[in-house]
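Reader: Please pick one part of this structure and take a close look at it for me. Then lead me on to its other parts, step by step.

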Amino acid sequence: MARILITSALPYINGIKHLGNLVGSQLPADLTARYMRARGHEVMFICATDEHGTPAELAAAKTGEAVADYCARMHDVQAELARGFRLSFDHYGRSSSAQNHRLTQHFAGKLAENGFIEEVSEKQVYSIADGRFLPDRYIEGTCPNCGYDRARGDQCENCTKQLDPTDLINPRSAISGSTELEVRETKHLYLKQKALKGDIDGWIDGQKDWPILTTSIAKKWLHDGDGLQDRGITRDLNWGIPVKKGDQDWPGMEGKVFYVWFDAPIEYIAATAEWAAKQGLGDEAWERWWRTDKGAEDVRYLQFMGKDNVPFHTLSFPATIMGSREPWKLVDYIKSFNYLNYDGGQFSTSQGRGVFMDQALSILPADYWRWWLLSHAPESSDSEFTWENFQASVNKDLADVLGNFVSRITKFCRSKFGEALPEGGEFGEREAQLVAELETRIRAYEGFMEAMEVRKAASELRAIWVAGNEYLQSAAPWTVIKTEPERAAAMVRLSLNLVRLYAVLSEPFIPDAAATMLAAMKTEDRSWPTDVSAALSVLPVGHAFETPEVLFGKIADESREEWAAQFAGVRT
Ligand SMILES: [Zn+2]
C-alpha cells in the first residue's frame, strides 16, 4: 500500500466553471483518486476555491456583497456542484482560510530570511478619494488607440490593446469614479526566482517521466527570451492575506496583501491542514503528507491542471518551497491538460456559450458527463465537445454496451431462474476465452490508470464491457436453455458476477452507475479483480439480486437539437 497525495488546480471563486475547466483538472484528479483508493492505497485528495485577487473584488462589487460574503456564498455553490459531479475530495478548502493566512505568511518570512525576497519601489496610481492605490484594472479612461471611453488600465476591451494606466486619457477610479488620481511611490515584494533558477532547472531535469506538455512549458519559461524573471508577490488590495513576515509585521508593507498567485498553491498545504482541523486531528495528521521530516518522504504527490497553470506549478510554487529551505514535499508528477473546445469554438463565460457545471447536471446525471469528458480528455491535443459526439458516445458506450449487458442478463435470469444466481453446469472453452481476454485487458487498464493515461484507460474499460456483451451474444443462454438448462445456468452465473466486476472496474469513471450495479447485485464486495477467475465467482450459487432500473437512458435526437440551441450562447 502506498500513500498518494493528489491535488487539483484550484477553481477561481468568481462564477460557475464550464465543462472544459472540469475536465482539465478536477475530474481526472478524481478519477485517479478513486482508482488509487480502489487499489487499497491511502489517498489524500485536496482541492479548494481560489478566493483572493481583483476579480473576486470586482464580482462582489457587481452583486453588492461584501467580498468575504460573496466568496463564502460562491464557495458553497461550487462545493455543491463538486458533490453533484461526485468529486471525492477529502477536503474542499478555501484559500481565504486562517490556515492559509498563517502558512503564506510563514513562507514569505522564510523566503525573506533566506534572501529570496527583494523590496522594490514602484510608481503606482493612488486615488485620493478612495484612499488607496489602484490596481491597473481599477483605473478606467479613454483608450488612446480607439477612443473607447471605458478602457481599463491593463487593456482596452474594445480594441484589445494592452495598456498601462498612464496611457489612458482622462483616467478615473473604477471604484468611485473620482479623477483625483496621482502617481505615488510604493514598495512591493518580489520573489527572486532568478536566484533559484539553477535549483528549479536541475529539479525539472530530474523528472524523467513527466509529460512533454509539462516539461516543455516549464523549460520555455526558464530559458526563452530573458529566462525566468523575479515575480511581484504583493498587491494593493483590501481583500487578501496581509503581508507579514511569519507572525511579525513587515515595515513598509502596511495595507498590502500577497498576490493571489503566491498564496493559491500554498492553499494545497493549508487545505490539508483545514482537513485535519475539521477531523479534530493535530498538526502531525497533515504534516505527514507535506513535511518530508515528518512522514511525507514516502508520499507520492500528483498534481492535475490545465496547461495555463503549468508555469506556476513548475516554477513559482517550487521556488516558494525551495526558497524556504525547509523540508516541504515537492510534486512528483504533474498531469497537465490541453483545452476542451465547444462545438466549433471556445467556451465563453461572457457569451454564455457552452455547458456550465450547473447546467450540465440540470439536464443529465453526472455519470453521462463524466464518461464523455474523461473518454475524450484533451491529453495529447485540444479536444472538442460536440452534441453529436456526446449523444453517440452516451448511447453506444453507456446504453448499448454496458447498460444493455446489465439489463439483458438480469432480466433473463429473473424470467428463467428467478432473482438469485442459479446452480448447476460448468464453464467451458468460451468462458475460459473470456477470462483470458479480461485478464489481459484488466492488466492493461491498470497500467493506463497508474500512468494517468485517461483516454486509453477509458478505451480499455469500454473494451472490457464489449467483451462481456460479445460473450453473452455468442454464448446465447436464451437458446442454450432449451436443450442444456444447466449449461445456461453457468453462463448466467458468470454474467451476473461480471456485473459486480464491471461495477468495481467502472467506479472511478461512473461512480453512481457502479453503486446502482452493486446494489442490484446486493453486494458490498468491492474487491479488485487481481485474479479474474476468482472475481467471477465472488457471488455464490443462490445469492439473491434485484433487476435494476435502466442504467442509462438514450439521448434522443430532439433533446440533442434542443440542447445544442440552448447552449449556443448569446452572440453580442
Ligand atoms: Zn481601444
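**A kinked helix, and onward**

Start with helix α8, residues 260-278: it has a kink of about 45°, centred on Glu-267. The bend at a residue is the angle between two axes, one fitted to the seven residues ending there and one to the seven starting there. Helices (DSSP runs of H or I, at least four residues) and strands (runs of E, at least two) are numbered from the N terminus.

A word on the source: this is a predicted model, in which local features need pLDDT of at least 70 and side-chain atom pairs count only at pLDDT 80 or more, while totals for chains, interfaces and linings use all residues. Residues are numbered from 1 along each chain as its sequence is written, and side-chain values use heavy atoms, with hydrogens and water left out.

Back to α8. Of its 19 residues, 16 are buried, so the helix is mostly covered. Buried means under 20% relative accessible area; exposed means over 50%, and partly exposed lies in between (1.4 Å probe, protein chains only). After α8 comes Gly-280, with a positive phi near 75°.

**The five-stranded sheet**

Now the strands. An open sheet holds 5 of them, in the order β3-β2-β1-β15-β16, with parallel pairing. The edges are β3 (91-94) and β16; each has a single partner strand, so one side of each has no neighbour in the sheet. On average, neighbouring strands here are turned by 20° against each other, direction ignored. Two strands pair if DSSP finds at least two bridges between them. Strands of a sheet pair through backbone hydrogen bonds, either parallel or antiparallel.

Look at β15, residues 299-306. Because 7 of its 8 residues are buried, this strand is largely enclosed by the rest of the structure. Strand β1 (residues 3-8) pairs with β15 in the parallel sense, over 6 bridges. Strand β16 (residues 333-337) runs parallel to β15 and is joined to it by 5 bridges. There, Gly-306 stands opposite Phe-337 in β16.

A helix belongs in this picture too. Helix α10 lies across β15 and β16, at about 135° to β15. Axes are lines fitted to C-alpha atoms, for helices over the stretch in contact, and angles run from 0 to 180 degrees between N-to-C directions.

Ser-316 sits in α10, residues 310-324. Its relative accessibility is 12%, so Ser-316 counts as buried. Leaving aside neighbours within four places in sequence, Ser-316 is in contact (heavy atoms within 4.5 Å) with Leu-191, Gln-193, Arg-231 and Pro-311. Take Arg-231: 85 residues from Ser-316 along the chain, yet their C-alpha atoms are separated by 8.4 Å.

**Another sheet, another serine**

Strand β6 (residues 139-142) pairs with β8 over 3 bridges, in the antiparallel sense. Ile-139 has Ser-173 in β8 as its bridge partner.

Strand β18 (residues 383-385) contains Ser-383. At 12% relative accessibility, Ser-383 counts as buried. Beyond four places in sequence, Ser-383 touches Tyr-339, Leu-340, Asn-341, His-376, Ala-377, Pro-378 and Arg-455. Asn-338 is 45 residues from Ser-383 in sequence; C-alpha to C-alpha, the two are 7.8 Å apart.

**Two helices side by side**

Helix α14 (residues 429-450) packs with helix α15 (residues 454-475) at an angle of about 170°, their axes 8 Å apart. That makes the two roughly antiparallel. The cut-offs: under 35 degrees is roughly parallel, over 145 roughly antiparallel, 65 to 115 roughly perpendicular, and the rest oblique. Their contact has 14 nonpolar, 2 polar and 6 charged residues. Nonpolar covers Ala, Val, Leu, Ile, Met, Phe, Trp, Tyr, Cys and Pro; charged covers Asp, Glu, Lys and Arg; the others, Gly among them, are polar. The α14 side includes Leu-434, Leu-438 and Phe-448, and the α15 side includes Leu-461, Ile-464 and Tyr-471.

**The last stop**

Helix α18 spans residues 511-520, with Pro-511, Ala-513, Ala-514, Met-517, Leu-518 and Ala-520 buried. Their cover includes α2 (26-38), α12 (366-375), α13 (387-416) and α17 (485-506). Lys-522 follows α18, and its phi is positive, near 50°.
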